[in-house]
Amino acid sequence: MFLDIKDFFANIISKNIYLIFGEEDFLIDEQINKIQNYILKYPNSSYDSELIDTDTVPINKVAEICSTYPLICDRKFVIIKNFEKYLSGRASKKYEENFPLKKIIEDPPKFLNLIIISKIEKIKDLKKYTRNNELTETGISKLKEAKYPLDYIIKNHNWIEFSKIYENDYPNWIINKVKDYDKIIKPKAAQLLSMNVRASLRDLDSEIQKLILYINNKEEISEEDIYNLTGVTKEYNVFELQKSIANRDIKKCILILNKILSIDSQEMLIITILMKFFINMFKFIDLTKIANDENILSKEMGLQKWQLQEYKNCAKNYHPMEIENAIVLLTECDFKLKSANTNSLALLQNTFIEIMKSII
């Protein structure tokens with residue numbers, strides 16, 4: 001049964017076996033820490049809890065640990081990280097019958113709470129194929145890619161999946177993460193943080209922790225706090241650069257570009273954000289042909305309403321052929337920045353001038 005993360009701790013004692021998997025290692029690590037802290041609150045659990053390292057504990061020893069009655073506590077808590085390291089050999093009936101943890105997994109002792117953390121390389125977004133928390137036929141068919149006993153656990157026990165969170169979803173993730181600290185961050189500030197810290201959720205989490213310390217007793221993280229902490233300025237940042245290009249304002253664009261690069265080397269960030277902007281422009285243009293409602297546009301584009309204005313300006317100021325030309329020019333610029341020692345400021349300046357030069 002698929003278990004939503006918010007329901008996990010309400011069920012952890014009553015269910016015997018859980019599988020945690022997914023593409024977001026940071027979220028999985030975070031969950032393991034929460035589980036360990038939760039277990040420590042259970043009476044006498046420190047005597048009867050084990051965190052198994054698959055590199056040092058053989059699987060036969062794990063079977064022994066799981067089947068041994070707890071010493072003092074009324075539960076035996078066992079967490080196995082990197083469980084996939086125990087899975088070797090080709091899947092077969094013989095493999096399944098001889099798997100050392102087969103009895104534990106298929107008929108777990110009533111006192112056991114076993115939490116398995118594993119990679120399942122070929123299984124992604126499995127929770128999309130559930131109905132009423134149970135796998136649909138399509139979901140069950142996808143389990144052919146999972147090796148025993150992972151497929152058995154998913155079918156017969158409880159599982160939690162941490163699917164990949166893409167950059168488009170970073171601002172919403174930031175907003176929800178800040179709520180964990182009983183703080184608020186407005187969408188524009190979350191977008192600003194996302195655009196300036198793009199590497200991973202782990203890096204974003206680190207920046208959020210810094211922001212929480214920085215704002216101290218304030219209840220809300222503002223754009224100004226982001227500017228102060230990341231080193232960007234309100235007047236000269238990638239947001240304003242994108243806006244100046246959308247408005248076809250060459251003078252302002254070059255001024256902002258010079259200021260940004262004088263503060264920090266953000267060439268690749270600039271290229272990435274502008275490339276995404278111009279690619280999204282094609283989707284925006286197509287959407288406006290069938291709907292001009294801002295609520296629909298913002299939902300379909302995955303944007304906040306305030307971000308739509310730049311897309312409207314760009315659609316007004318650029319012909320579709322010029323948008324396509326911008327993508328070509330940015331691609332060439334990206335290649336040159338990565339492949340040769342060059343004056344990045346001059347290269348970006350020339351690229352932006354070519355983008356804003358009329359070709360129609």
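## Helix packing and buried residues

Helix H12 (residues 238–246) and helix H13 (residues 250–263) have axes that come within 9 Å and cross at roughly 160 degrees. The two helices, H12 and H13, are therefore roughly antiparallel to each other, and H12 passes H13 in a left-handed crossing. On the H12 side, the contact is made by Val238, Glu240, Leu241, Ser244 and Ile245, while H13 brings Lys252, Cys253, Ile256, Leu257 and Ile260. Sorted by class, the contact of H12 with H13 has seven nonpolar, one polar and two charged residues. Please keep in mind that this is a predicted model.

H13 also meets helix H18 (residues 344–356), with axes that come within 10 Å and cross at roughly 160 degrees. H13 and H18 are therefore roughly antiparallel to each other, and their crossing is right-handed. H13 contributes Ile250, Cys253, Ile254, Leu257, Asn258 and Leu261 to the contact, and H18 contributes Leu345, Leu348, Gln349, Phe352, Ile353 and Met356. The residues of the contact of H13 with H18 divide into 10 nonpolar, two polar and no charged.

Next come H14 and H15. The axes of H14 and H15 come within 11 Å and cross at roughly 145 degrees, and H14 passes H15 in a right-handed crossing. Asn280, Lys283, Phe284, Leu287 and Thr288 of H14 make this contact with Leu297, Glu300 and Met301 of H15. Its classes are four nonpolar, two polar and two charged residues.

| Helix pair | Axes come within | Crossing angle |
|---|---|---|
| H12 and H13 | 9 Å | roughly 160 degrees |
| H13 and H18 | 10 Å | roughly 160 degrees |
| H14 and H15 | 11 Å | roughly 145 degrees |

Which helices do the buried residues of H16 pack against? They pack against H12, helix H14 (267–290) and helix H15 (294–301). The buried residues of helix H16 (residues 308–317) are Leu308, Glu310, Tyr311, Asn313 and Cys314.

Aspartate 205 is in helix H10 (residues 201–215) and is buried, with a relative accessible area of 8%. A polar contact of 2.7 Å joins the side chains of aspartate 205 and glutamine 209. Leaving out residues up to four places away in sequence, aspartate 205 touches Phe26, Trp173, Lys177 and Tyr181. Lysine 177, in helix H8 (residues 170–179), is buried with a relative accessible area of 8%. With the sequence neighbours up to four places away again set aside, lysine 177 touches Glu30, Asp205 and Ile208.

Finally, there is a strand residue. Valine 78 lies in strand E3 (residues 76–81). Is valine 78 buried or exposed? At 0% relative accessibility, valine 78 counts as buried, because the cut-off is under 20%. Apart from neighbours within four places in sequence, valine 78 is in contact with Glu50, Ile52, Ile65, Cys66, Leu112, Asn113, Leu114 and Ile115. The C-alpha atoms of valine 78 and isoleucine 116 are separated by 8.3 Å, with the two residues 38 residues apart along the chain.

Methods
Residues are numbered from 1 along each chain as its sequence is written. This is a predicted model: local features need pLDDT of at least 70, side-chain atom pairs count only at pLDDT 80 or more; totals for chains, interfaces and linings use all residues. Side-chain values use heavy atoms; hydrogens and water are left out. Axes are lines fitted to C-alpha atoms, for helices over the stretch in contact, and angles run from 0 to 180 degrees between N-to-C directions. Helices (H or I, at least four residues) and strands (E, at least two) are DSSP runs, numbered from the N terminus. Angles under 35 degrees count as roughly parallel, over 145 as roughly antiparallel, 65 to 115 as roughly perpendicular and the rest as oblique. A crossing is left-handed if the near helix is turned anticlockwise from the far one by less than a right angle, and right-handed if clockwise. Contact means heavy atoms within 4.5 Å. Ala, Val, Leu, Ile, Met, Phe, Trp, Tyr, Cys and Pro count as nonpolar, Asp, Glu, Lys and Arg as charged, and the others, Gly among them, as polar. Buried means under 20% relative accessible area, exposed over 50%, partly exposed in between (1.4 Å probe, protein chains only). A polar contact is a pair of N or O atoms within 3.5 Å; within protein, one must be able to donate a hydrogen and the other to accept it, and residues adjacent in sequence count only if both atoms are side-chain atoms.
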